[in-house]
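Hi everyone, thanks for coming along. I'd like to walk you through one model today, so please have a look at the screen.

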Amino acid sequence: STPLLFLSRLPAVFMHGLPGAQKVITDMTTPSKRADALGKLGLCFGISIIIGSALGGVLSTKFGLQNKAVSAHDSLELHLLFPLLEYFTTGQQIQRYHWGSKSGELLGTSQSGSVFSIREILRLMKFPGVMEIFIVKVFAGLPIGLFLIMFSIISMDFFGLEAVEAGYLMSYFGVLQMVVQGLVIGKLTNHYTEMTLLRLSVFVFAGVGLGMALMRSVWDYCIIAVPLIFAFSMLGTITDSILTKAVPSSDTGTMLGICASVHPLTRTVGPTIGGVLYKQFGVSSFGYLQLIVNIVLFVYLLKSKIPLREMKS
């Protein structure tokens with residue numbers, strides 16, 4: 001039933017695997033290597049997208065949604081087993097670290113405070129450049145986020161795909177994400193500044209918007225997906241890296257939590273806004289919105305001098 005389906009999503013409030021992994025990576029890497037490490041982390045999640053999307057499409061087609069849900073439940077139990085084993089075997093030896101300001105040595109730290117404090121969030125937003133970068137992060141990915149939320153409907157209605165075909169398409173996206181985050185981002189961060197890469201991702205996003213406005217078939221979308229995944233992965237990784245560097249080490253967990261809230265925010269407003277756009281203006285409306293928003297943001301990044309500075313411990 002629909003109410004039961006809604007209630008089944010409520011436990012997701014405790015599911016924060018990616019932000020938790022990002023926090024560990026942030027604590028255990030130097031600022032200069034942070035973007036590359038976050039990209040490698042995205043590689044691991046990209047592999048899960050490949051396997052999960054393909055397997056989900058096959059299970060839905062062959063055995064129905066109920067068996068698919070049972071398989072998802074079993075996999076979640078397996079995922080719970082690994083951190084429990086890690087905790088009971090090495091939990092007493094693990095210590096939280098951050099990098100010292102001068103010598104680069106690892107120093108043990110402790111952290112306290114409420115994650116849900118609005119005052120704490122506002123305090124972090126007052127650090128130089130944090131508010132500006134966070135605004136770019138939210139609005140640059142918002143139009144494509146609306147499209148991806150509506151993709152399950154668009155794939156059937158506009159592209160005419162079945163469940164298994166949509167699963168294969170999502171696996172294709174996973175392969176692209178794996179290549180970009182595992183191979184491309186690390187190399188680019190070694191040769192260009194993070195602000196340059198941020199401007200590049202926003203500019204590519206604008207081009208993706210133009211392509212989405214003109215696409216007519218799923219093959220067009222497969223071509224557009226290459227720069228789309230590049231810009232989407234680059235934007236997320238670079239903004240996370242910049243924002244965690246711009247705040248003190250003791251606040252990186254809260255900052256990563258704020259960054260992780262962007263996706264749930266999009267999922268909250270996305271079905272309503274995306275549904276209106278798709279029903280009233282069609283698929284091309286997502287592309288035009290993407291184009292306009294990111295052109296504005298690109299001009300803003302070129303004109304403004306965002307006062308970014310790396311916080312030291």
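Let's begin at T196, which lies in helix 9; helices here (H or I, at least four residues) and strands (E, at least two) are DSSP runs, numbered from the N terminus. T196 counts as partly exposed, because its relative accessibility is 37%. For the cut-offs, buried means under 20% relative accessible area, exposed means over 50%, and partly exposed is in between, with a 1.4 Å probe and protein chains only. T196 and L302 are 106 residues apart along the chain, and their C-alpha atoms are separated by 9.7 Å.

A word on where this comes from. This is a predicted model, in which local features need pLDDT of at least 70 and side-chain atom pairs count only at pLDDT 80 or more, while totals for chains, interfaces and linings use all residues. Residues are numbered from 1 along each chain as its sequence is written, and side-chain values use heavy atoms, with hydrogens and water left out.

Now the overall picture. The secondary structure comes to 13 helices and two strands. Of the 313 residues of the protein, 39% count as buried. If we take contacts (heavy atoms within 4.5 Å) between residues at least 6 apart in sequence, 81% of them join residues at least 24 apart.

Back to helix 9, then. How does helix 9 run relative to helix 10? The axes of helix 9 (residues 194–214) and helix 10 (residues 218–245) come within 8 Å and cross at roughly 150°. Axes, by the way, are lines fitted to C-alpha atoms, for helices over the stretch in contact, and angles run from 0 to 180 degrees between N-to-C directions. Helix 9 and helix 10 are therefore roughly antiparallel to each other; that label needs an angle over 145 degrees, while under 35 counts as roughly parallel, 65 to 115 as roughly perpendicular and the rest as oblique. The crossing of helix 9 and helix 10 is left-handed, meaning that the near helix is turned anticlockwise from the far one by less than a right angle, with clockwise being right-handed. The contact of helix 9 with helix 10 has 18 nonpolar, four polar and two charged residues. In that count, Ala, Val, Leu, Ile, Met, Phe, Trp, Tyr, Cys and Pro are nonpolar, Asp, Glu, Lys and Arg are charged, and the others, Gly among them, are polar.

Helix 10 also meets helix 8 (residues 163–191), at an angle of about 45° and with the axes 9 Å apart. Helix 8 and helix 10 are therefore oblique to each other, and their crossing is right-handed. On the helix 8 side, the residues involved include L169, Y172, F173 and L176, and on the helix 10 side they include Y221, C222, A225 and V226. By class, this contact of helix 8 with helix 10 has 17 nonpolar, five polar and no charged residues.

Which residues touch the most other members of the largest nonpolar core? They are F147, L198, Y221 and F286, out of 59 residues. Such a core is a set of buried Ala, Val, Leu, Ile, Met, Phe, Trp, Tyr and Cys residues joined through side-chain atoms within 4.5 Å. Helix 10 gives the largest share of this core, 14 residues. Leaving aside neighbours within four places in sequence, L198 is in contact with I133, V136, L235, I238, T239, I242 and L301.

Y278 lies in helix 12 (residues 262–281) and counts as buried, because its relative accessibility is 15%.

Is Q290 buried or exposed? Q290, found in helix 13 (residues 284–303), counts as buried, because its relative accessibility is 0%. With residues up to four places away in sequence left out, Q290 touches A140, P143, I144, F205, A206 and G209.

One last pair. Helix 5 (residues 118–125) and helix 11 (residues 252–260) pack at an angle of about 95°, with their axes 11 Å apart. That makes helix 5 roughly perpendicular to helix 11. Here E120, I121, L124 and M125 in helix 5 meet T254, M255 and I258 in helix 11.

Thanks, everyone, and I'm happy to take questions.
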